[in-house]
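Subject: Structure handover and findings

Hello,

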Amino acid sequence: MSLMGSRETTGLVEQTEESIKRRGGAAREPRHKEKPYRTKGSVDILKPSLGGLIGKYALMIAIFVVMVFPFVWQLSTSFKGATENIYDFPPSLIPQAPTWDNYTEVFRTIPVLDYARNSLVIAVGTVITNVIFATLGGYALGCLKFRGKGIIMVIFFSTLLLPGEVTLTSQYLTVKSLGLANTLWGVFLPGAIAAINVLLMTAACRMIPADTLDAATIDGANTLQRLRHIVWPNIRGMVSVVALFAFIGSWDEFLWPLVVLSDPANYTLTVGMDYLNSTFGANPRVIAAGTMIALVPIIFLFAVLQKQFFKGVEEGSVKG
């Protein structure tokens, strides 16, 4: 009995060792890394050729340089002193003696914090109203059926064809007749809802299965419940896109606040920064510092919402 038991044990040990060797051998087998381009003789048409891949990355690098270089140059200029030549070629992007004097001059010349507060109040209000009304409008146009829906869509699309300058006079006369000229309300009102945001939310709402909404209606859910429990979870990504676009558009708006506002105490940050251009036209270092100050909130907001932003863009591109 003992002899048979020892033979069985020896057999199990040998099988275990052989199994370990097989696993180890399989683990040590070289893995062929899949190449990102189409090799010779390959039939995978979804991959680019080697030349096409190189050209794609070269184009991306060129676009990156064209878009990012002005920002980097402005940032570098804002930290350069009066003795440094900002127009050297090739440009020197690292200041020889970095200084905060240009930023100090901006705060000493204009009430930056007051102007930033005015811009922030208008931008936050614009985000809130665009998210609410664009969601409601998108739900109506994307999920409901009613007469005149096609006409309303045509009107929304037609407004995108008109530049803002065309309606500038009519908007000003409307705001003035309401007694809102030279007020922050007058600046805020025309941007409270944007046609492009309604169309974006309409596209997002159209991706929600109609059967799901019909089932919720049969179960007794009212409009508010459908919006809260079905529509909202499916469009949150697009909502972040709308919110970011609304904030940036309101924060960067210059022409409309310049037309409506006449009291310097009500100026927004962009209008206040224009004073730097007229006062320090010969000193682009101070102007660059003011530009960087105006960009800080946008950079911060995009850094916080970039995950939701790209998620919303991806959902819209895949589902639409």
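**Ground rules**

This is a predicted model, so local features need pLDDT of at least 70, side-chain atom pairs count only at pLDDT 80 or more, and totals for chains, interfaces and linings use all residues. Residues are numbered from 1 along each chain as its sequence is written, and side-chain values use heavy atoms, with hydrogens and water left out.

**Overall fold**

The chain has 13 helices and zero strands. Helices (H or I, at least four residues) and strands (E, at least two) are DSSP runs, numbered from the N terminus. Of the 320 residues in the chain, 30% are buried. Buried means under 20% relative accessible area, exposed means over 50%, and partly exposed is in between (1.4 Å probe, protein chains only). Take the contacts with a separation of 6 or more: 69% of them join residues 24 or more positions apart. A contact means heavy atoms within 4.5 Å.

**Ser119**

Look at Ser119 in helix H4 (residues 112-143). Its relative accessibility is 3%, so Ser119 counts as buried. What does Ser119 touch, not counting residues up to four places away in sequence? The partners are Trp251, Thr268 and Leu269.

**Salt bridges**

Side chains of opposite charge can pair when their charged atoms come close. The rule here asks for a side-chain nitrogen of Lys or Arg within 4 Å of a carboxyl oxygen of Asp or Glu. By this rule there are two salt bridges.

- Arg108 and Glu105 are joined at 2.3 Å, N to O. Both sit in helix H3 (residues 101-109), three residues apart, about one turn of the helix. Arg108 is exposed at 56% relative accessible area, and Glu105 is partly exposed at 21%.
- Arg117 and Asp114 are joined at 3.1 Å, N to O. Both sit in helix H4, again three residues apart, about one turn of the helix. Arg117 is partly exposed at 46% relative accessibility. Asp114 is partly exposed at 34%.

**Cysteines**

A disulfide is a covalent bond between the sulfur atoms of two cysteines. The test is a pair of cysteine sulfur atoms within 2.5 Å. The structure holds zero disulfides. Cys143 is partly exposed at 21% relative accessibility, whereas Cys205 is buried at 0%.

**Aromatic pairs**

A search of the whole structure finds six aromatic pairs. Rings of Phe, Tyr and Trp (its six-membered ring) pair if their centres lie within 6.5 Å; planes under 30 degrees apart count as stacked, over 60 as edge-to-face and the rest as tilted. One of the pairs is Phe79 with Trp100: edge-to-face, 5.2 Å centre to centre, with 85° between the planes. Phe79 and Trp100 each lie in the loop between helix H2 (50-78) and H3, so the pair ties together parts that are 21 residues apart in sequence. Trp100 also pairs with Tyr103, tilted, at 5.5 Å centre to centre and 55° between the planes. Trp100 is exposed at 58% relative accessibility. Tyr103 is buried at 10%. Phe79, Trp100 and Tyr103 form one aromatic cluster.

**Largest pocket**

The volume of the largest pocket is about 1,100 Å³. On a 1 Å grid over the protein atoms alone, a pocket is an open set of points where a 1.4 Å probe fits, with protein on both sides within 12 Å along at least five of seven lines; lining residues have an atom within 4 Å of a point. Grid points are joined across faces, edges and corners, and the volume is the space filled by probe spheres set on the points.

The lining has 35 residues, and Gln171, Pro190, Gly191, Ala194 and Glu253 lie nearest the centre. Several helices supply at least two lining residues each, including H4, helix H6 (168-177), helix H8 (195-206) and helix H10 (223-252). Which helix gives the largest share of the lining? H10 does, with five residues.

Best wishes
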